[in-house]
Amino acid sequence: MAFVSLSASAAMSAASVQSADKLYQANCAVCHGTKMEGAVGPTLGQHAWIHGEPTKANLIKIISTGVPDKNMPAWSPALSSTQIALLADYIAANANKKLAATPTAAPAVKPGADLLSGFTLPKGFRISVYAEGAATARSMAVSDSGIVYVGSRKAGKVYALVPRADQQTADVVTIAEGLENPIGVTLLNGALYVGEIGRVIRFDNIDKRYAQKPSYAVVKVSLPDDKWHGEKVIKASPDGKLYIPVGAPCNVCDTDDTRSAKIYRMNADGSQLEEVARGVRNTVGFAFHPTTKQLWFTDNGRDEMGDNTPSCELNVLTKFGQHFGFPYCHGGVVPDPKFGQGRSCEEFVEPVAKLGPHVAPLGLSFYTGKQFPEAYRNNIFVAEHGSWNRSTKIGYNVRLITLYGNKMVSDTSFIEGFLRGDEVVGRPVDVVTLADGSLLVSDDYAGRIFRVTYEGK
């Protein structure tokens, strides 16, 4: 056990502590907890420091270079040396304090009645566990044969969910591993495309090769590999193109003259990369409307403006080149305190729906099945991952957005229960429809895939 002198805390002024806390909440809290108590990553309070003593010099080194084998990114490209030094001081000042016990990565609630009975859905709907063991499960894509391909985040794996004979559950098969946050998956011409942070890879003829740890080809396309908002969803469009975003490498910064905070499309071989939308801070979910074929996408709002502003967004691209506001305007109505000066929110495309502050909307899908009542057809399910930086948690559910044309009619809860009081039992990431009309929901917190069926009249 290593100990740190309390002089580190005394050396920091009140203003420095406040600035360091903002930096910590924006960049570190998602993995290490809002109070350094630990989450996906370890506590930053008193514990066995396995990467050296938590001195300022060593912490600067760790923050700057990262810990690749633990999936901690290098922060030196995203944060300045002054910011990293502030964080090092801030962490060092707390390194010998006993903080709350580190929660386990998986929830205490076990599969079965206790888990499933805690969910709330509209009358006539039933939820079950379709598959387990898909660690940090993210985006999903369903093949014509019914196999569901699933990306992951920190697990670095791509999975195949292979239906069992009963068609009610599936086995989890690992297709590939050792990848860099391969969250995005999509299918095109029988091939599985996977989006990593800095590249796109392709598994040909995947339905026949998934069980053989298949080889892959690297798609020849140049993409930024910033770690901050660098993970990339990917989606095949009705016209045979591949759509992929590049997030902003920051909480908020001016990216209009860079390749960041934009959505691109390209040919299947990576050629003809072109921008289709800009001013998009961090989208982690695409869907194409079943009839209009327009691109719909979620966008996560900026941090450090308080608990209740700005709102995260649901957007639709009606023509190429549209600007959706970042970093000048947030949620369609909130000018940025710094970058919004001299700009007006009226300059930019207004969101179809303001989904709420810090709810973290990720995957979305138009319901095209026939199992659910007709009222659900061609309306949108949105998976809200849930807040990590808000004093009271919000999100942690699946929403139903009903539309009239490109206008929102209603925004209602479809699945509640991933958050039970202060206990998180799951974090929804993506939604897809199976051929029988049932709905799958991925959960990267517990590595489960849930299935929703309709049994009403």
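One definition before the strands. Two strands pair if DSSP finds at least two bridges between them. Keep in mind that this is a predicted model.

Strand S6 covers residues 184-188. Strand S7 covers residues 191-195. How many bridges join S6 to S7? Five, and the two strands run antiparallel. Take one partner pair: Val185 is bridged to Val194 in S7. Now look at the turn. Two residues sit between the strands of this hairpin, and Asn189 takes a positive phi near 55 degrees.

Next, the open sheet. Four strands form it, in the order S2-S3-S4-S5, with antiparallel pairing. Which strands are at the edges? They are S2, residues 137-142, and S5, residues 170-176, and each pairs on one side only. From one strand to the next, the twist averages 30 degrees. Zoom in on S2 and S3. Strand S3 spans residues 148-152, and four bridges join S2 to S3 in antiparallel fashion. Within that pairing, Ala137 stands opposite Ser152 in S3.

Now the rings. A pair of aromatic rings is described by the distance of the centres and the angle of the planes. The count here comes to 21 aromatic pairs. One of them is Phe125 with Phe372. Their centres are 4.9 Å apart, the planes are at 85 degrees, and the pair is edge-to-face. Where do the two residues sit in the chain? Phe125 is in strand S1, residues 125-132. Phe372 is in the loop between S21 (361-366) and S22 (380-384). The pair links distant parts of the chain, 247 residues apart. Buried or exposed? Both Phe125 and Phe372 are buried.

Here is another pair: Phe418 and Phe450. Why is it called edge-to-face? Because the planes stand at 80 degrees, with the ring centres 5.8 Å apart, and planes over 60 degrees apart count as edge-to-face. Phe418 lies in the loop between S24 (407-415) and S25 (419-420). Phe450 lies in strand S29, residues 448-454. This pair also links distant parts of the chain, 32 residues apart. Phe418 has a relative accessible area of 0%, so Phe418 is buried. Phe450 has 1% relative accessibility, so Phe450 counts as buried too.

Back to Phe125 and Phe372 for a moment. Both belong to one aromatic cluster, together with Tyr367, Tyr376, Phe381, Phe414 and Tyr454.

Two arginines also meet rings. Arg343 lies over the face of Tyr328, at 4.2 Å from the ring centre. The charged end of Arg420 sits over the ring of Phe119, 4.8 Å from its centre.

Last topic: cysteines. A disulfide is a covalent bond between the sulfur atoms of two cysteines. How many does a search of the whole structure find? Two disulfides. Counting bonded cysteines along the chain, the pattern is 1-2, 3-4.

Take Cys250 and Cys253. Their sulfur atoms are 2.0 Å apart. The torsion about the S-S bond is about -80 degrees, so this disulfide is left-handed. Cys250 counts as buried, because its relative accessibility is 8%.

Then Cys329 and Cys345. Here the sulfur atoms are 2.1 Å apart. The torsion about the S-S bond is about 105 degrees, so this disulfide is right-handed. Cys329 lies in strand S18, residues 329-330, and Cys345 in the loop between S19 (334-335) and S20 (353-357), so the pair ties together parts that are 16 residues apart in sequence. Cys329 and Cys345 are both buried.

What about Cys312? Cys312 is in no disulfide. The nearest cysteine sulfur belongs to Cys329, 14 Å away. Cys312 counts as buried, because its relative accessibility is 2%. Cys28 also counts as buried, at 13% relative accessibility.

That is the tour. Over to you.

Key. Residues are numbered from 1 along each chain as its sequence is written. This is a predicted model: local features need pLDDT of at least 70, side-chain atom pairs count only at pLDDT 80 or more; totals for chains, interfaces and linings use all residues. Side-chain values use heavy atoms; hydrogens and water are left out. Buried means under 20% relative accessible area, exposed over 50%, partly exposed in between (1.4 Å probe, protein chains only). Rings of Phe, Tyr and Trp (its six-membered ring) pair if their centres lie within 6.5 Å; planes under 30 degrees apart count as stacked, over 60 as edge-to-face and the rest as tilted. A charge sits over a ring if NZ of Lys or CZ of Arg is within 6 Å of the ring centre and within 35 degrees of the ring normal. A disulfide is a pair of cysteine sulfur atoms within 2.5 Å. Axes are lines fitted to C-alpha atoms, for helices over the stretch in contact, and angles run from 0 to 180 degrees between N-to-C directions.
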